[in-house]
Amino acid sequence: MTLHQLAIDAAARHPHRPAVAGAGGELSYAELDRRANALAAVMREAGVVRGDRVAIWAEKSPDVVAAMQAVLRLGAAYVPLDPATPPARAATVIRDCDARLLCGDGPLLRAAGDYGAAPGTLDLATAAAPGGPEPVNEPVNEPVNETVNETAGADDLAFILYTSGSTGVPKGVSISHGNARAFVDWAAAELAAVPQDRFANHAGLSFDLSVLDIYAAFRAGALVHLVPNGLAYSPRRLVELLHEQRISVWYSVPSALTLMIREGGLLERRAPGALRAVLFAGEPFPITKLRELAAWTSARLLNLYGPTETNVCTFHQVGPADLERDRPAPIGMAAGGDTVWALTSEGDRAGPGEEGELWVEGPTVMLGYWGRDPQKGPYPTGDIVRVLPDGGFDYLGRRDHLVKVRGCRVELGDVEAALAAHPEVDEAAVIVVGDGDDARLEAFVVPVSGRAPGLLALKRHSAERLPPYMIADRIHLVAGLPRTGNGKVDRAALGRRANHHPAAGR
Amino acid sequence: MADDQIVSDLLVFIRTQFLDGDPAGELTDQTPLLAWGVLDSFKTARLVGFIHDELGSQIPPDQLNASNFQDVRSIAELVRSNGGQAKAAQ
């Protein structure tokens with residue numbers, strides 16, 4: 001079964017139920033279906049054929065979701081880009097995936113052209129309705145297009161999500177229809193999603209969390225409400241949205257929820273009666289804040305775990321015993337039909353109480369990175385876990401320098417390499433200071449003798465090579481980097497220095 | 001004049017909150033904030049909070065887009081068109 005069949009089936013079963021809402025209005029399933037077919041016809045006209053990639057670079061809107069469905073209906077794959085992605089980076093991704101078409105908002109389309117990524121372009125504001133823009137909340141009298149519904153095999157590419165990769169070399173996680181369906185079908189069943197549900201989509205469309213929001217909703221014939229990209233970290237507006245939109249299933253990084261608790265007054269109002277499940281993933285949820293959340297709502301609290309490469313591969317429903325511990329809730333047991341296990345540093349399978357790296361095998365594991373060898377066999381996550389007595393897992397940390405900042409993967413080596421590639425920089429080391437919604441990247445930069453590169457110049461340089469969440473927040477110019485006995489950069493010493501020498505600002 | 005004051009309030013906020021005080025004095029009202037990695041979604045939200053709390057302007061969600069936030073000049077225009085005022089003018 002293909003990923004795009006979900007919205008097609010929902011349109012047949014529940015044509016008049018709301019499918020997707022957000023900035024720009026709301027589409028029923030029948031409207032979404034018509035719009036997806038209309039956009040597919042326009043894309044086909046623009047030369048998109050089965051097996052192509054279509055990049056989508058736009059602010060979230062119902063039309064963008066329709067465009068994603070249109071791409072899939074043609075047997076092609078979509079490549080979503082965050083609207084805040086610097087154009088140079090976006091152009092790199094568009095070239096890397098060899099997109100046939102770039103689809104999105106006018107200003108972004110022009111910016112991509114300025115940076116030399118020039119496939120055909122499709123402006124969503126004018127494309128959906130031939131003859132000009134049409135607000136999505138108007139009654140739909142569009143010409144009836146034929147239903148476009150190319151079949152796709154389980155191993156055919158559905159979308160590519162670009163994540164942290166080596167400097168200048170984007171890393172596209174290729175997800176097949178089979179991968180996505182294994183995850184979505186599991187999630188919809190675990191949540192017992194029904195047409196009356198109202199999912200909030202907090203994450204950007206280029207992040208894997210959004211796959212659950214959109215497609216679990218479609219599978220159930222439910223609504224997905226798109227939180228505008230610009231509101232994702234506006235705590236008061238998020239709390240208002242949760243109440244006003246009568247959200248029943250919320251899914252976000254823990255940072256968004258802790259920010260809503262701390263600065264949005266989330267817990268000061270009664271928990272909305274509609275809210276029945278709160279899902280979080282991407283980083284550990286601080287246990288003190290999780291206790292507050294559990295005391296506030298009777299909704300199910302689900303901790304989901306999995307790198308983008310595996311979708312969600314384990315999950316755990318938070319219970320009273322978890323709240324009594326002084327560490328984050330477990331990441332739990334296998335999900336989505338996967339098999340997961342931990343290998344000790346000796347290469348043995350870890351038993352209860354033992355630690356090891358988590359490995360994943362099963363239907364949700366990606367096809368591979370775009371343009372590289374296919375993923376064969378089990379996937380090593382790079383995450384260190386401890387096996388619990390019940391066979392589940394506690395997350396302990398990373399085996400490398402990959403860190404999470406508000407749920408986004410940041411490979412510190414890539415941030416350092418981007419800085420070190422600046423002509424006025426000799427050497428650079430980057431650490432994370434603070435945690436949760438207060439985490440930030442601090443760089444220690446050794447300039448070339450006699451130079452003092454500016455913060456803005458270094459950010460600009462980095463922005464041409466890295467996604468926005470991997471750009472250093474603060475830069476300390478230093479004469480040299482502290483070293484440990486074996487010559488490695490002493491990150492602990494840098495951490496102490498960052499705390500002792502707070503630069504201006506916060 | 002009021003517009004210039006809004007520009008200056010925005011520059012001060014961005015310098016102190018996101019650029020460590022901008023010691024090299026690089027930020028101008030035409031610095032491309034998104035393209036150069038000064039703003040991301042988290043920082044944009046903090047900026048929107050500042051615009052609401054200090055400049056008295058509530059930006060509608062459909063105007064929270066990349067083209068309105070490309071530089072300080074365009075943000076100032078957005079603030080003004082949504083009824084915002086410079087701190088000194090309040």
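Predicted model: local features only at pLDDT ≥ 70, side-chain atom pairs only at ≥ 80, totals over all residues.
**View 1. Overall fold of chain A.** Chain A contains 15 helices and 25 strands, taken as DSSP runs (helices H or I, at least four residues; strands E, at least two) numbered from the N terminus. The C-alpha trace spans about 70 × 55 × 45 Å along its principal axes. The radius of gyration of chain A is 23 Å, which agrees with the value near 23 Å for a compact globule of 506 residues; it is taken over C-alpha atoms, and the globule rule is 2.2 Å times the number of residues to the power 0.38.

**View 2. Helix α14 of chain A.** This helix covers residues 455–463, and seven of its nine residues are buried, so it is largely enclosed by the rest of the structure. Buried means under 20% relative accessible area (1.4 Å probe, protein chains only). Among the buried residues are A:L455, A:L456, A:K459 and A:H461. Over chain A, 62% of the 506 residues are buried.

**View 3. Domains 1 and 2 of chain A.** An automatic or database assignment gives domain 1 (5–137 + 146–190), domain 2 (305–398) and domain 3 (402–500). The C-alpha centres of domains 1 and 2 lie 30 Å apart. Their contact (heavy atoms within 4.5 Å) takes 23 residues from domain 1 and 16 residues from domain 2.

**Notes.** Residues are numbered from 1 along each chain as its sequence is written, and chains are lettered from A in the order in which they are written. Local features need pLDDT of at least 70 and side-chain atom pairs count only at pLDDT 80 or more, whereas totals for chains, interfaces and linings use all residues; side-chain values use heavy atoms, with hydrogens and water left out.

Key: Buried < 20%, exposed > 50% of the residue type's maximum accessible area, 1.4 Å probe, protein only.
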